[in-house]
Amino acid sequence: MADRPLIYVLNGPNLNLLGTREPAIYGHDTLDDIAGRLEDQALELGVEVDVRQSNHEGHLVDWLHEAHARGAKAVIINPAAYTHTSVALLDAVKAISVPVIELHLSNPNQRESFRHHSFVGQAATATIAGFGPMGYALALQAAVWL
Ligand code: DQA
């Protein structure tokens, strides 16, 4: 069988604690729960997902470059707090030709003002926010149609 289109799902700092981290904001699902559902959904959609998490900005930059080098169809990224601070991630998104979907569990625009600005969002193809863990499923569905 031919290789299935590859979609990277990158997760930034503190998202390894999903499930116990501020559940009133981020929900009760762990990142493993989310990744498991994405794997099932990817099979149905005929794509392959590569789900990763790091607390380190440079890892996320390297993985964006890697997605480009491997000819990924799309990247879904929840940059977490680096959304609001990282020119390096913005530059990496600009540097690659892979479409990038920015994703947030919460709706940052309804939260503290420092979350209202997104560096990544300045270069992302689209942003999905505020749907909780279901946002990952919506982003994968959208990525397939990009
Ligand atoms: C987040 C929103 C960010 O503001 C925050 O720093 C996160 C998670 C979200 O998924 O809602 O860590 O990206």
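Student: What should I know about the numbering and the model before I start?

Tutor: Residues are numbered from 1 along each chain as its sequence is written, and this is a predicted model in which local features need pLDDT of at least 70 and side-chain atom pairs count only at pLDDT 80 or more, while totals for chains, interfaces and linings use all residues. Side-chain values use heavy atoms, with hydrogens and water left out.

Student: How many helices and strands are there in the chain?

Tutor: Helices (H or I, at least four residues) and strands (E, at least two) are DSSP runs, numbered from the N terminus. Here the chain has five helices and five strands. Starting at the N terminus, their order is β-α-α-β-α-β-α-β-β-α.

Student: Why does the radius of gyration agree with a compact globule?

Tutor: The radius of gyration is taken over C-alpha atoms, and the globule rule is 2.2 Å times the number of residues to the power 0.38. For 146 residues the rule gives a value near 15 Å, and the chain has 14 Å, so the two agree. The C-alpha atoms fill a box of roughly 45 × 30 × 25 Å along the principal axes.

Student: What percentage of the residues count as buried?

Tutor: Buried means under 20% relative accessible area, exposed over 50%, and partly exposed in between (1.4 Å probe, protein chains only). In this chain, 48% of the 146 residues count as buried.

Student: Which part of the contacts joins residues 24 or more positions apart?

Tutor: A contact means heavy atoms within 4.5 Å. Among contacts in the chain with a separation of 6 or more, 78% are between residues 24 or more positions apart.

Student: Let us look at single residues. Where is L6, and is L6 buried or exposed?

Tutor: L6 lies in strand 1, which covers residues 6-11. Its relative accessibility is 11%, so L6 counts as buried. Leaving out residues up to four places away in sequence, L6 touches E48, D50, R70, A72, K73 and A74.

Student: Where is R52, and which side chains make polar contacts with the side chain of R52?

Tutor: A polar contact is a pair of N or O atoms within 3.5 Å; within protein, one must be able to donate a hydrogen and the other to accept it, and residues adjacent in sequence count only if both atoms are side-chain atoms. R52 is in strand 2, residues 48-53. The side chain of R52 pairs with that of D50 at 3.0 Å and with that of E66 at 2.7 Å. R52 is also buried, because its relative accessible area is 17%. Beyond four places in sequence, the residues that R52 touches include Y8, W63 and R70.

Student: What about S54?

Tutor: S54 sits in the loop between strand 2 and helix 3. With a relative accessibility of 3%, S54 counts as buried. A polar atom of the S54 side chain lies 2.9 Å from the backbone nitrogen of H56. Among the residues that S54 touches, beyond four places in sequence, are N11, G12, P13 and L60.

Student: And where is L60 found?

Tutor: L60 is found in helix 3, residues 57-69. L60 counts as buried because its relative accessibility is 0%. Its contacts beyond four places in sequence include S54, Y82 and L89. The C-alpha atoms of L60 and A92 are 9.1 Å apart, although 32 residues separate them along the chain.
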